[in-house]
Amino acid sequence: MKLQRKNRVRALAVGALAVSGALALTACGSDDTSGGGAAAAKTSNIKCDGKGKLLASGSSAQKNAMDVWVQNYSGACKSTEINYQPTGSGAGVTTFLQGQTAFAGSDSALKPDEIAKSKKVCKNGQAVDLPMVGGPIAVGYNVPGADNLVLDAPTLAKIFDSKITKWNDAAIKKLNPGAKLPDLKIQAFHRSDDSGTTDNFTKYLKGAAPGDWKHEPAKKWEGTGGQAASGSAGVSSQVKQTAGAISYFELSYAAAGKIPTVKLNTGAKQPVDATVDNASKAISEAKQVGKGDDLALQLNYTTKAEGAYPITLVTYEIACDKGNKAETLPATKSFLTYVASKDGQSALKALGYAPLPTEIADKVRASVAKLS
């Protein structure tokens, strides 16, 4: 089992790096359109509408997915140039509400006051949340001798709030009988920047261990103590080079850095790995809390379903349901139609993202079709 897991992680890392390399060449002006891996996706089913530039910005968590989508779409639709800037969820929403972009990417659904503000941009309409990307937030660690570390929500909450400070703490030992846990200080790293990943990770801690995580979920870190680093690249790099370290980041960073990830004791029969399939199972349990064509989701952080990994992030594309700018509406609908399609979603798994469950994807496609 250990060998299979290492091989799976290695294959994912190689695939992600290969795609990143191909995208870097494209961004630098390469004329090679042969592509490879996920980039060589089927594009014959893409319906091209509109032309000119389509500006969008927001979530950096979906950057690798958006790079592949843009490459595939642009390869089929030569008349449309899509420029997506991974400025972060908060900045993307702000720019969209100022009317500067056709859509935004956000790792959190819009708040009521943001929906109210959107009515100034969306004439006779409002912004809607369209889930497009799912994925596990892995908890990576660097603990010598701990090859298959198992933790649960209360223990994670105490670790990241500086209530558990040594790796041989009794609570960790209880979850890992037989493991040789070292008498080593825990180095818990969190994001220094405002982060949708932090927001979703702390939503899990609050939802699954409210008695141990007293802080409100937020993009800005609210926990006690710990050390900070910028971006998922920063915290994952710290984990890789620091003995005793632990942090949270998208699965692709764990794969690329060959960083072992925590298995979650959720109350299911077996501890749950951070995988795209297990994240999809958790997303399938989510409830729609948005109204009408707004598909904002509420995840079940206390699921005990077999193989459901609840530390999961959902990224939304945010667009106007009505009142989109006439010059960008055709291309916006065309691009988002491709993103939500079976072909668009099938490109995600090789990148470490979780394709949307069928029931949710069908609703997204119906909402996109109604954009006007």
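Is Cys122 buried or exposed? Cys122 is buried, because its relative accessible area is 0%; buried means under 20% relative accessible area, exposed over 50% and partly exposed in between (1.4 Å probe, protein chains only). The legends below follow the sheet, its helices and its disulfides.

This is a predicted model, in which local features need pLDDT of at least 70 and side-chain atom pairs count only at pLDDT 80 or more, while totals for chains, interfaces and linings use all residues. Residues are numbered from 1 along each chain as its sequence is written, and side-chain values use heavy atoms, with hydrogens and water left out.

View 1. Helices (H or I, at least four residues) and strands (E, at least two) are DSSP runs, numbered from the N terminus. Two strands pair if DSSP finds at least two bridges between them. Strands of a sheet pair through backbone hydrogen bonds, either parallel or antiparallel.

**View 2. Strand 3 (residues 103-106) is covered on both faces.** Phe103 and Gly105 are buried on one side. Ala104 and Ser106 are buried on the other. In a regular strand the side chains alternate between the two faces of the sheet. Strand 1 (residues 52-58) runs parallel to strand 3, joined by three bridges. Gly58 stands opposite Gly105 in strand 3. Strand 12 pairs with strand 3 in the antiparallel sense, also over three bridges. Here Ser106 stands opposite Tyr316 of strand 12.

View 3. Ala127 has Cys320 in strand 12 as its bridge partner. Contact means heavy atoms within 4.5 Å. Axes are lines fitted to C-alpha atoms, for helices over the stretch in contact, and angles run from 0 to 180 degrees between N-to-C directions.

**View 4. Helix 2 (residues 63-76) packs against helix 11 (residues 329-340).** Their axes lie 11 Å apart, at an angle of about 115°. The crossing is right-handed: a crossing is left-handed if the near helix is turned anticlockwise from the far one by less than a right angle, and right-handed if clockwise. Helix 2 brings Met66, Trp69, Val70, Asn72 and Tyr73 to the contact. Helix 11 meets them with Ala331, Ser334, Phe335, Tyr338 and Val339. The contact residues divide into eight nonpolar, two polar and no charged. Ala, Val, Leu, Ile, Met, Phe, Trp, Tyr, Cys and Pro count as nonpolar, Asp, Glu, Lys and Arg as charged, and the others, Gly among them, as polar.

**View 5. Helix 10 (residues 276-283) is mostly covered.** Six of its eight residues are buried. They are Val276, Asn278, Ala279, Ser280, Ala282 and Ile283. These buried residues pack against strand 4 (127-141), helix 9 (251-257), strand 12 (312-320) and helix 13 (358-370).

**View 6. A disulfide joins Cys48 to Cys77.** The S to S distance is 2.0 Å; a disulfide is a pair of cysteine sulfur atoms within 2.5 Å. The link is left-handed, with -80° about the S-S bond. Cys48 lies in the loop between helix 1 (2-27) and strand 1, and Cys77 in the loop between helix 2 and strand 2, so the pair ties together parts that are 29 residues apart in sequence. Cys48 is partly exposed at 36% relative accessibility. Cys77 is buried, at 2%.

**View 7. Cys122 and Cys320 form a disulfide.** Their sulfur atoms are 2.0 Å apart. This link is left-handed, with -70° about the S-S bond. Cys122 lies in the loop between helix 4 (112-118) and strand 4, and Cys320 in strand 12, so the pair ties together parts that are 198 residues apart in sequence. Cys320 is buried, with a relative accessible area of 3%.
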